[in-house]
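Me: I am new to this structure and would like a close look at one part of it, namely how the two copies of the chain meet. Please take me through that slowly.

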2 protein chains.
Amino acid sequence: MDRWKAFEARVREIKDLDGILGLMTWDEETYAPKAGRGPRGRHNATLEAIRHERLAAPELGALIEVLREDKSLGSDKATMIERIQRRRLREVAVPQALVRRLAEARSAALAAWQDAKRVGDFQAFRPYLQNVFELTRARAEAIGAAGGRYTSLYDVLLDEYEPGMTAARLEPLLSCLKEALVDLLEAIRSRGTPPDRSFLMGRFPDASQWALTLRLLADLGFDTERGRQDRSAHPFTNAVSEHDVRITTRIFDDNALSAIFWTIHEAGHGMYEQGFDEKDHGLALAEAPSMGIHESQSRLWENQVARSRAFWTHYLPLLKETFPDQLRGADVESFYRAVNVVKPGLLRVEADEVTYNLHILLRFELERALVGGQLSVADLPAAWNERMKRNLGVSPPNDGVGCMQDIHWAQGAIGYFPSYTLGNLYAAQLMAAFERAQPDAWGTIERGQFGVLLGWLRTNVHRSGYRQTAEETVAAASGEALAVEPFLRYLRAKFSHVYRL
Amino acid sequence: MDRWKAFEARVREIKDLDGILGLMTWDEETYAPKAGRGPRGRHNATLEAIRHERLAAPELGALIEVLREDKSLGSDKATMIERIQRRRLREVAVPQALVRRLAEARSAALAAWQDAKRVGDFQAFRPYLQNVFELTRARAEAIGAAGGRYTSLYDVLLDEYEPGMTAARLEPLLSCLKEALVDLLEAIRSRGTPPDRSFLMGRFPDASQWALTLRLLADLGFDTERGRQDRSAHPFTNAVSEHDVRITTRIFDDNALSAIFWTIHEAGHGMYEQGFDEKDHGLALAEAPSMGIHESQSRLWENQVARSRAFWTHYLPLLKETFPDQLRGADVESFYRAVNVVKPGLLRVEADEVTYNLHILLRFELERALVGGQLSVADLPAAWNERMKRNLGVSPPNDGVGCMQDIHWAQGAIGYFPSYTLGNLYAAQLMAAFERAQPDAWGTIERGQFGVLLGWLRTNVHRSGYRQTAEETVAAASGEALAVEPFLRYLRAKFSHVYRL
């Protein structure tokens, strides 16, 4: 039992370092003065090196070896050991020289990306991106060699965000999804009646928007005593601890909806972070089992809930009270339709629910080909543009709004994109399960009783934390294995109505 | 010179941890949600334990041993070694378990203090404070036992903030000061003509005050690209790095002056932190040699500068423009007199220049008795109230505005208070030296050319950093040893005029 205590103390220390690094990132994106970036980069590097040292410590390895053999510990403890071992292996497998080179390459690529994206100059970014891909491949090779369970380098990367998921498993799901989405988009384009959204074109004062987002947060069930909202250029959620969850939003005064949906999206992430079982706090079970399941929580609140007719039946009166002149012409039906406009566009972050996953699928195909060596970085823009034209019917005027629009690859987050689509699929399965479990599901939302849904998610998703894999969690909650049908059923029902198909 | 490089790398890591801990404190006092305090206390404890481990590392000890013998290094490097060795000795002397317990005790005491202070409930705070005092004594005992150069536990604590200073050395200075202040206060009370301050009694909107403080910051020379101002219950300055200096202020809408003077006070600290020599950044020479010299910078700007006639000759027009109705009746002479009202009161942070040091002397006496064991924490309120009555003629209606008014003891900053008085003494010496060096000294201030004074301070105080002790710094800048006379001369001249003595 002493060994377990020693292990747990090491886990708590690592989780404390995670929390501190989370706070540092939050600060950098919200309040930190720009001139402090140099020293701050050094602070981050120092703390990450200390975390590496802790994870790679031979004493931790020895504890894990012994504890793994102890069958008396029970499944929770076994899961914690497995979780930490997973993190540890990735730290131990990669030579420190490579870790440093990759960190340098990423930070150089990020800086180059910011400049190159602004002017749409892919050539200026190309060598940096190439470097990131090469070193990320080298990293995946090192991890693959140490683990030996992977069938491709891409799977090593994917596994970082979606433990146990493989490209081979994803592919049939995603190609089925793609086909159905292209069909639905075609139906909308050829036969649909586009909603009117002219009443969304006014000016919406910043202070009123901010107050509204705070009201929404409280209504939905984000605990503002155990978290807070601030502003940042790119909204995000960072948990300093389970009792201190920071989310951000951004406000444009010519757009009434952007801040609302960002806040609700991040609130979904935030309520998940606040929802782990109290007895797991500070330990390795108070974690999402995958990024896809994390995204399912943001997507569920943002799309399934906040783009529903029931939601706006409840909130349109408040919105009209807040912006009486701007929204004079809106009623619930017209507003519901207006927040569900489908319009193929260049940018993923502005995409609607029908086209969003087409953006993801394109990235999945391309990053797989880049990692696998079938596509060279030099050929990326042409491949990107060709697919955009084919899948979405649009052509980027320059690479800044084309293959350089996302921060992920510059940051080295290669293999992350599928998590977004998995999040959408899981969200649809979970919402359908909630409807089955709660016959008056939409009535609770129409009456603003969001606690019913949140309570259901707490019980069926949040509290289990890392105990179950993402797929196990969704299967237990919904009674179904991962599938695209619930998502497609949801889209077809919704957009048949919205577009009068 | 590989050994020096290895030493420097270790110093940078320790300074990085200092900066991260500084950010964490800033966050706790500004934005952190209250519910996150528990985990945050653990984060602090974890990072302080890591810093302890780094400072106590035998490898660092071995490097210091060898480098100390190397006479070829030069004085800057020798000073750095001495500085780190000073910190290291205090860490090595204190068992890691005690470090962690003290960190947790301080965090808990801080949270309890915030609640207990608000409602004036000393009993709720007492066990936490007792715990902090007991563990601080235990820490001082451990350090004293390792060093053996101290004549009392209190000197061990004092030495942390004022290297080389002792209670025995302070006592004659402070008792001479006390006598003179009591005399001056008596003269003001019995013979003085109190200034009129009725025009300061209006309402001063928060937003206008905030804008004004930002304007003052920029005017004085606080670099807002390399720092920022926020709000906190108790204003403070924390340097995350030399390029990221955080200060705070607080605003009351029934008080036009509180925020102005807090901002200027913290700007004094902040400009010092921004003023170290660029080549020392991230290393152990970019540090104040004592807290007294740090306080001299805040006090100099707050009192010597911002409570001068010249300062208000420059700023009263702006202030009247900002608050035209409220300040209609004010002219420079009446305003200058109004910001220098002497009135014995309950609160240190609201005290005037004559009574301020009487507040400090009371705390110095009480904390010495608490550490020495002559006073118990349970008896603190009675002892506090008795001395307040005797020295200042006032009686706190509750302990929230009595012995719980300051954050210091809850934070474990025991032995800190004398630094404030030393700061006042140093400030007077420095300002007198600036007057001698710059014949048109007050003209530059009257014209708002604060860069002249700031430049003089940069050259004569800031840049030398830890190279000289506090007393050496002031002696080199002023040509005088530490003394109370310059401060008393300044007070007598000023208050003879203000009170028409």
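Reply: In this predicted model, 100% of the interface residues of chain B are also interface residues in chain A, so the copies meet through the same surface. The way the copies are placed can be described by a superposition: chain B can be laid on chain A with an RMSD of 1.1 Å, by a turn of 175° and a shift of 0.6 Å along the axis. That is the relation of a two-fold axis. In chain B, the C-alpha that lies nearest this axis belongs to B:I20, at 4.2 Å from it.

From the axis we can turn to a contact that links the two chains through their side chains. B:D16 and A:R42 meet in a salt bridge, with an N to O distance of 3.1 Å. Because B:D16 lies in helix α1 (residues 2-30) of chain B, while A:R42 lies in helix α2 (residues 37-56) of chain A, this pair joins two chains. The two partners can also be described by their accessibility: B:D16 is buried, with a relative accessible area of 2%, whereas A:R42 is partly exposed, with a relative accessible area of 30%.

For comparison, a salt bridge inside chain A is formed by A:R387 and A:E365, whose closest N and O atoms are 2.7 Å apart. Here A:R387 lies in helix α15 (residues 380-392) and A:E365 in helix α14 (residues 356-372), both of chain A, so the pair ties together parts that are 22 residues apart in sequence. Returning to both chains, salt bridges that share partners join A:E13, A:E53, A:R54, B:E13, B:E53 and B:R54 into one network. Over all chains, the structure holds 84 salt bridges.

Definitions and conventions
Residues numbered from 1 in each chain as written. Chains lettered and ligands numbered in written order. Predicted model: local features only at pLDDT ≥ 70, side-chain atom pairs only at ≥ 80, totals over all residues. Heavy atoms only, no water. Least-squares fit on C-alpha atoms with pLDDT ≥ 70 in both. Contact = heavy atoms within 4.5 Å. Salt bridge = Lys/Arg side-chain N within 4 Å of Asp/Glu carboxyl O. Helix = DSSP H or I, 4+ residues; strand = E, 2+ residues; numbered from the N terminus. Buried < 20%, exposed > 50% of the residue type's maximum accessible area, 1.4 Å probe, protein only.
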